[in-house]
Amino acid sequence: MNSTVTGYVLENLAQTPGQALAAAPGGLLVGLLIVVLLVRVLVVVGGAPSARSVVRTLDIAAVPLFIALAFILSARVLEILPLG
Amino acid sequence: MAATAASGASAHVGPGGDAAETTTRRRRRSLANVDVGAVRVAIGLLGGLFMAELVTIVGGAGPGVLAHVLLLVVVAMLSLRMGSTQTHRLLLSLGMLPLVRIVSLAVPAAIIPIQYWYLQIGLAGLEGVLLVLRRLDLTFKDLGLQRTRGAEVAVVTAIGAALGLPAYLIAGRLDLGGGGGAIGLALSAAIVIVFVGFFEEILFRGLIQSAGTALFARGGIALSVAATTVMYAASLNPRYVVFMALVAVFLGVVTRRSGSIVAPIGAHAALAVVQLVILPIVLP
């Protein structure tokens, strides 16, 4: 499935972690993650009866996005640090 | 007169005719019982996904991610309004697709070996699948991850491996295992097995088809095939899209007949290993 992306969009994908953070896709990912986490915090603080199910729903998006951000940042660190 | 002839024929047919009539009635009744809301959700989300993929192709990665983010927001808002119904399960299952696409467009692709790109997307996607299971209180067994006959797994996996050749010839060369020696080759094969074969089958056949089957019976196969086709459409290779749609039909039918996704996982993993790891070395 993901190899199909490479068929056309690979040339347009971020070439470096810096681009991945600065370019629109990485920025949108970070923006979406911040919004999801903010809503999650507000829901928890609000203490509504359905908060548990709402938080679990938001986690479905938050955790994968967080993992993706971690990969972007780790690649950035690997690029900056001379670790061989 | 025609009606008389028909009734006469029916009288000759006897029990068989009655059975056919009962089957027809059952089909009409099952069509009448289909949840219209679920059909709207399925068509709406697949349509939205198609449009988002179109935006990705026409506008590039940035606008594409934005389109998928908007679709994901719609999914989240609908999900918060729904109770614990089968339609909710369908919504969250199909909602995984824009999420996976956002991740695949956002993580850096060109500075790392391409197989690690698959690993990054697969890890994030598998975590998403686990969280969908937690949200819906489902188990792996509910997705069809259960024992099945060994012979069936072997035969279907062998068919999948054979399908790797046409997939390679149609899609062209994409080498995931070159240049890494034996260890690199084994690592690439392991990544492809887990993050292509296992991940895509648990997503398309496990989550999406099982949600579709609970709502539309045999329509579950059509749903998983439609989702597969939309996600592969970005290849812009019509022959490859048709080929993968046919593979999805085959894997969907196997899943429906056996009630297990183990054989489709084996087939998809074998297809991907042959296509992406072995053939680029054997037929460079």
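User: Which residue takes a positive phi just after α3(B), and of about what value?

Analyst: In this predicted model, the helix α3 of chain B covers residues 36-59. Just after α3(B) comes a residue with a positive phi of about 100°, and that residue is B:Gly60.

User: What span should the 24 residues of helix α3 of chain B have at 1.5 Å a residue, and how far apart are its end C-alpha atoms?

Analyst: The expected span follows from counting 1.5 Å for one less than the number of residues. For the 24 residues of α3 in chain B this should give 34 Å, which agrees with the distance between the end C-alpha atoms, namely 34 Å.

User: What covers the buried residues of α3(B)?

Analyst: The buried residues of α3(B) include B:Ala38, B:Leu45, B:Gly48 and B:Glu53. Among the elements of chain B that cover the buried residues of α3(B) are α4 (61-81), α5 (86-106), α8 (181-216) and α9 (219-232).

User: Which residue takes a positive phi just after α6(B)?

Analyst: Helix α6 of chain B runs over residues 114-136, and its end C-alpha atoms are 33 Å apart, in agreement with the 33 Å that its 23 residues should span. Just after α6(B), a positive phi of about 55° is taken by B:Asp137.

User: Among the elements of chain A, which helix has the lowest mean pLDDT?

Analyst: Chain A has four helices and zero strands, and its mean pLDDT is 79. Among its elements the highest mean pLDDT, 90, belongs to helix α3 (residues 24-46). Where pLDDT is low, the predicted coordinates should not be read in detail. The lowest mean pLDDT among the elements of chain A, 54, belongs to helix α1 (residues 2-8).

Notes
Residues are numbered from 1 along each chain as its sequence is written. Chains are lettered from A and ligands numbered from 1 in the order in which they are written. This is a predicted model: local features need pLDDT of at least 70, side-chain atom pairs count only at pLDDT 80 or more; totals for chains, interfaces and linings use all residues. Helices (H or I, at least four residues) and strands (E, at least two) are DSSP runs, numbered from the N terminus. A residue is buried if 20 or more other C-beta atoms lie within 10 Å of its own, exposed if 12 or fewer, and partly exposed in between; C-beta atoms are placed from the backbone. Two residues are in contact if their C-beta atoms, placed from the backbone, lie within 7 Å. pLDDT is the predictor's confidence in each residue, from 0 to 100.
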